[in-house]
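Here are my notes on the model, as numbered points. Please read them with the structure open.

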Amino acid sequence: MKKTLFTGTVTAAALVAGAGFAAEGDTLKEVKQRGVLNCGVHTGLVGFAAPDSNGSWSGFDIAFCKALGAAVLGDQSKVKFVPLTGQTRFTALASGEVDVLARNTTWTFQRDTELKFDFLGVNYYDGQGFMVRKDLGVSSAKELDGATICVQTGTTTEMNLADYFKANSIKYQPVNIDTSSEGEQQYLAGACDAYTTDASGLASLRAAFADPENHVILPEIISKEPLGPLVRHGDNNWADIGRWTLYALIAAEEYGITSANIDELAKSSTNPEVQRILGTTDDLGKMVGLDAEWAKRAIKANGNYGEIFAATIGEQTPIGLARGLNAQWTQGGLMYAMPFR
């Protein structure tokens, strides 16, 4: 789950210069005219975004893309998934190749300002960790003095790694990789003692191993990685649509709106907030150029936030992630939707 910082050859100025119409254009109009939402996603991370043998995409981030497609175009199938690496994702968004980026990307100051992107919110609170083979006999990242560590170049992961080892006065040898698949190959081939990325990414990679029980994710979390979808600066209405689609999924879980009961609640709920979310009163959609049932379609596509989490990366999946910080605010977590009113 890589997070490119753009300290390399691609500059922020180059991104902005290449944005063209996309930086100031009407993205909603473009998407409606095209009839397809172009969504930038991971090149392949099981549980978050990965194609099957038939080329059908699924995962936690894919579900957001489908929800946005359903909200804007009325059909969750009208989404084109554009696989992007950590190095190519920001250029693709800035240039208009994709309308939204939903690819395990950390919200940082530079990306929000200098690179001129708008984050729509946090859909997964994460942190960077380490994975090692069990037979290495290591139980803490602080025991990795002198280790070789696979890390994606040009990322915040790379910077966090350097900072952590420096702060703890231990040394390491980086093994530079460009993609998650390359890192997996290098790690399994024994080219590095440890693999570092977001803890959720480690869980996803380990779940795909032939022998996941022989690999250990160490307890240290060395950074804050608030992940979320993002769009270009300069189109506030499109950012509002994406942001409130995410909030609709989160709010639906809070208010008990599920893919199974959504039609019944639209008819019978007396909760004013539920009525506004589902478009039976107030018609919030007209404020952003959509119809009254945009949020209802977004939720119905793959369920509320909790349903999506459980189906793609939750404890009953091979990924096996607990809700933790990603639980609802009413359950001790940080997931909190702004009011629909």
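1. Start with the charges over rings. This is a predicted model. In it, Arg 133 lies over the face of Tyr 187, 4.9 Å from the ring centre. A second case is Arg 323. Its charged end sits over the ring of Phe 309, at 5.1 Å from the centre.

2. Across the whole structure, the search gives 19 aromatic pairs.

3. Take the pair of Phe 48 and Phe 60. The geometry is edge-to-face, with 5.8 Å between centres and 75° between planes. Where do the two partners of this pair sit in the chain? Phe 48 is in the loop between β1 (37-42) and β2 (50-51), while Phe 60 is in helix α4 (residues 60-73). They are 12 residues apart, and the pair links distant parts of the chain.

4. Is Phe 48 buried or exposed? Its relative accessibility is 1%, so Phe 48 counts as buried. Phe 60 has 4%, and therefore counts as buried too. The cut-off for buried is under 20% relative accessible area.

5. Phe 60 has another partner, Tyr 305. This pair is edge-to-face as well, at 5.9 Å centre to centre and 80° between the planes. Phe 60 lies in helix α4 and Tyr 305 in helix α14 (residues 305-312), so the pair ties together parts that are 245 residues apart in sequence. Both Phe 60 and Tyr 305 are buried.

6. Next, the largest pocket. It holds about 200 Å³ of space. Which residues line the largest pocket? The lining consists of Asp 240, Ile 241, Trp 244, Leu 284, Met 287, Val 288, Leu 290, Trp 294, Pro 339, Phe 340 and Arg 341. Helix α10 (residues 236-254) contributes the most to this lining, with 3 residues. By class, the lining has 9 nonpolar residues, no polar ones and 2 charged.

7. Two backbone angles deserve a look. Ser 169 is not a glycine, yet has a positive phi of about 55°. Ser 169 is in the loop between α7 (156-167) and β10 (172-177). With 67% relative accessibility, Ser 169 counts as exposed, because the threshold for exposed is over 50%.

8. Asp 282 is the other residue to check. Its phi is positive, about 70°, although Asp 282 is not a glycine. Asp 282 falls in the loop between α12 (272-278) and α13 (294-302).

Terms used:
Residues numbered from 1 in each chain as written. Predicted model: local features only at pLDDT ≥ 70, side-chain atom pairs only at ≥ 80, totals over all residues. Heavy atoms only, no water. Phe/Tyr/Trp six-rings, centres within 6.5 Å; stacked < 30°, edge-to-face > 60°. Helix = DSSP H or I, 4+ residues; strand = E, 2+ residues; numbered from the N terminus. Buried < 20%, exposed > 50% of the residue type's maximum accessible area, 1.4 Å probe, protein only. Lys NZ or Arg CZ within 6 Å of the ring centre and 35° of its normal. 1 Å grid on protein atoms, 1.4 Å probe; cavity = no way out; pocket = protein on both sides within 12 Å on 5 of 7 lines; lining within 4 Å. Points joined across faces, edges and corners; volume = space filled by probe spheres on them. Nonpolar A, V, L, I, M, F, W, Y, C, P; charged D, E, K, R; others polar.
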